[in-house]
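This report describes selected features of a predicted model.

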Amino acid sequence: MLNNITDCEEGEGGTNSQGDGNPKESSPFINSSSSSDVEKSQQYDGKNMALFEEEMDTSPMVSSLLSSLANYSNLTQGSKEHEEAENNEEARKKPVQAPRMGTIMGVYLPCLQNILGVILFLRMTWLVGVGGVIGTFIIVFMCCSTTMLTAISMSAIATNGVVPAGGSYYMISRSLGPEFGGAVGICFYLGTTFAGAMYILGCIEILLIYIVPQAAIFQIEGLEGAEAEAGMLNNMRVYGTIVLSFMSLVVFVGVKYVNKLALVFLACVILSILAVYAGVIKTAFDPPDFPICVLGNRTLMSKGFDICAKTIEQGNVTVTTKLWRLFCDSEFLNATCDEYFNNNNISQVQGIPGVTSGILAENLFGFYMEKKDILEKRGLPAVVDPDVPPTNTNRYVLADITSFFTLLVGIYFPSVTGIMAGSNRSGDLQDAQKSIPIGTILAISTTSTIYMSCVILFGACVEGVVLRDKFGEGVNGNLVIGTLAWPSPWVIVFGSFFSTCGAGLQSLTGAPRLLQAIARDGIIPFLRVFGHGKANGEPTWALLLTASICEIGIIIASLDAVAPILSMFFLMCYMFVNLACALQTLLRTPNWRPRFKFYHWALSFLGMSLCLSLMFICSWYYAIVAMGIAGCIYKYIEFCGAEKEWGDGIRGISLSAARYALMRLEEGPPHTKNWRPQILVLVGLDGEQNVEQPRLLSLTNQLKAGKGLTIVGACVEGTYLNNYAQAQKGEQSLRKLMETERVKGFSQVVISSNLRDATSHLIQAGGLGGLRHNTVVVSFPKNWKQAEDNQRLRNFIEVVRETTTAHLALLVPKNISAYPSNGERFTEGHIDVWWIVHDGGMLMLLPFLLRQHKVWRKCKMRIFTVAQMDDNSIQMKKDVMTFLYHLRLDAEVEVVEMHDSDISAYTYEKTLVMEQRSQILKEMHLTKNEREREIQSITDVSRGSIRRKNPSNLHPQKSITEEPAGGSVEEKPEEEVQLIQGKNATPTPTSPTSPASLSAGAMTPGEEMQMTWSDEMDKGNNPSAANPETIRDMFNMKPEWENLNQSNVRRMHHAQKLNEVIVKKSQEAKLVLLNMPGPPKNRTGEENYMEFLEVLTEGLNRVLLVRGGGREVITIYS
């Protein structure tokens, strides 16, 4: 009945993970059917779902959901599908069949094959001989414990939901996020690749030393020391490259051949181990005859002589042997021989005395050697002249490398890797959540038992010098572990040869698929090319890169040098698996519900600590290099990689840390020493939802030397339901601009019925808890004098008022378009600070922050402060310089004296025009009745002002709520207030206008512009030309001046005089910082306030008006 729905869901479910370079998590939970409404209504008709039919797009029916879950597949193709794809082109179009592999075949045996390998056969005996039974047992126990703890953590992660093919990479990336996942995934890939190189080198070593030594291209017969070593390494390089090419070809032709041979190779490994155990048991009652020839206590190479004696008796005649000729200059008894050879006797030591011989006590402790040291038998007497250097050293078995405990750890650890083999095959398992924990832990338990028992049995059965003989030079060139095997050493030789071949093929098969999975995830952009492959999904390009990296290991050519490299990468991978499990457990995320219950965060942390310790124990410099590589990849993904949201643990820990930090911040306000600007930037959006003032964000970025919080806020007018899409578009444009300007922070768009309320909401509700903004940045309104921008002017003044009320600092850049972009550089110039009133030190701190940025770095800081008539300018300058010294700020200081002067006609005229303009703007907002009443009031006042000789009219009138000089408010009779106020209007100013402007009540906005003076008037009223006589004459001509609000006149005078000084001193400055006067406490003087600010900043290119937040932001204390 629901097949059509289910098919649609399945069709979307399984393909996304296969990769188009940007894969998504496919989900069966959302039905993305694109049916029309008619089809939909028919589809759900008669199913009792009418109540929910409109939500079926996002909320599917439970029946279809369960059907989807039953057939849910998010798995990449397994090996079976690869074989089908090769044999049948149509196979890819068929639905993927459910995998059938169980715990034993799918997890246990692959893990066994990957864990047991080259180190067990080629190096385990040497490790026991050099490190001693106790030391080697500690190494084995430590490494096996690490992998067991890692397996427990991995089992928890693997059973926490469906694990697609990709194994460890998938688990780590989805648990720790794309940055850690990519970094660790690349490390795991490099480890697997170098493991392939190690297996190939082991394969060549067995071939050239134990099977066909005569096949060597570079002959080492007769060579000594470095020459012999170089010849051997060159042989490894040549044959290694040949074998690598052959194996790569096999993998390229088809993975099916590797899979078919896997069981054969595994059988070889198991047979070889069984042969060793059989040999150990046999030594108990019938030890094999493997004599070792010893001169004094020095072990001799078995090559070059046949009889272990100096001389032999033949028919009552003493005859010298080949051994004699190796140390003497002739075969005669009177020949001159090596001194050590003369002074010491030849003896034979049984190489494998047997498990009951008691040799274990002798092998308990380590026997570390320097390179070129001669292997010596403990307990045998020897006569050595310490002053004579050893000669004929090529006749003895020598140590090929300097050995020490940490080296042994690095060489041994690769033998316990391979625990991920089961999880890597999760796509082929019948029940991965059941099979992976059981199979992996069982395999580790089995291999750990084998390794530990081998350590003890080798120490109990084999002579110490034989154990330390890495290449079997003292036992006729036999593989040392082979000498112990039953029925023949060749069982071990061929078994180990085939097992190394198989392990190498597995590495070359697995590594390219891992790289392909990383490339298809799209988290590392430059690797995307390696996500492509053949038609059947085979990773061709990834295989080519893998073979190239593997060749690096082959060129190194030494098994002992390659092993620690891959140890690093595997240890790092295991460390992050443990970290992922520990984090998920501690964070207690709701989705963390593993089926495997036998885990604990403490075990995971112990495993992580062991991994980290082993990394530095193995090789501290390799560890640093590996961590450096991982760190570089992490940062690369963070900056350049595709952003993914995988619900990872790092996101969870970030949330927990943020919550904890926010709760701590709530404890109280920050200390002055910790104060930094937490900025709320208020920007405007145009009709296309693009930012109107992008340079505001440039300035914000330049201020962010103080780090801290940045919120970029914008407002959209309308209702939330209707304008949500616009708000989202606006937020996207904000984020894009923030990314362009490199502003680290958050964007927020608020929708409200009017912009005033929206801005207020942003100021009130921005931030969270203790992490709130303390500084607001808003640009100076551009065309505030135009009537159509009157609302913007009022919004700006309300922002100033609200920041003052909220004790927030306010930065108002004027001419923001003239500010430099982040790409510009000032090579010289000044940042001038006009310190008029002290409001917490913001003026001092801002230039310091700006000069941390490369745009302003070359600018010097100058501080100007204003002295009044009764101030001591010299002392003021000294005090300011002392203050700056204590603040650790470098700046030039200048004290500017402002003398009292008469108010010029220019100031009066400017004030008059300002008040006229305010009156006209106010009238434009009045009703008809209010306008008539207002005109009558103004007419009365103006007529009264003409009769200025009448003493009752000489006192200048003030606006009703204007604050006089003394700070008190002059009250008027209630009747006069009522006359001016009108019915519903708020108190309005009674600032007079000339009789010529009485018709202003009927003026249009266009006519309003005629009320300002012309340039000629401006020039005629130049304050510099004014003198008291002129003022008195003009006073007689301008009767309306006497009724001007004297507070406004004083303010205009101060603004104009201060502007003159600032322009004179700072006109060439790159930036001028200035105290911003506070807004009027009433609503009636808003236009006047803006006029004061305009006059104050006139003639300056870049001005930053600053208001402090009412608290100190800079301190002299440390």
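## Sheet and disulfides

Strand E1 (residues 291–295) is joined to E2 by two bridges, and the two strands run antiparallel. Within this pairing, Leu295 lies opposite Arg298 in E2. The strands belong to an open sheet of three strands in the order E2-E1-E5, with antiparallel pairing. Strand E2 (298–299) and strand E5 (346–350) form the edges, each pairing on one side only.

A search of the whole structure finds two disulfides, listed here with their sulfur separations.

| Disulfide | S to S distance |
|---|---|
| Cys293–Cys308 | 1.9 Å |
| Cys328–Cys337 | 1.7 Å |

The torsion about the S-S bond of Cys293 and Cys308 is about 90°, so this disulfide is right-handed. The pair links distant parts of the chain, with Cys293 in strand E1 and Cys308 in the loop between E2 and strand E3 (311–314), 15 residues apart. Cys293 is buried at 6% relative accessibility, and Cys308 is buried at 17%.

For Cys328 and Cys337, the S-S torsion is about 105°, so this disulfide is right-handed. Cys328 and Cys337 are both buried.

Counting bonded cysteines along the chain, the disulfides follow the pattern 1-2, 3-4. Cys203 is in no disulfide; the nearest cysteine sulfur, that of Cys501, is 3.4 Å away. Cys203 is buried, with 2% relative accessibility, and Cys550 is buried at 0%.

Asn723 is located in helix H25 (residues 720–740). Asn723 has a relative accessible area of 11% and is therefore buried. Beyond residues up to four places away in sequence, Asn723 touches Val716, Glu717, Gly718 and Ile751.

Terms used: Residues are numbered from 1 along each chain as its sequence is written. This is a predicted model: local features need pLDDT of at least 70, side-chain atom pairs count only at pLDDT 80 or more; totals for chains, interfaces and linings use all residues. Side-chain values use heavy atoms; hydrogens and water are left out. Helices (H or I, at least four residues) and strands (E, at least two) are DSSP runs, numbered from the N terminus. Buried means under 20% relative accessible area, exposed over 50%, partly exposed in between (1.4 Å probe, protein chains only). Contact means heavy atoms within 4.5 Å. Two strands pair if DSSP finds at least two bridges between them. A disulfide is a pair of cysteine sulfur atoms within 2.5 Å.
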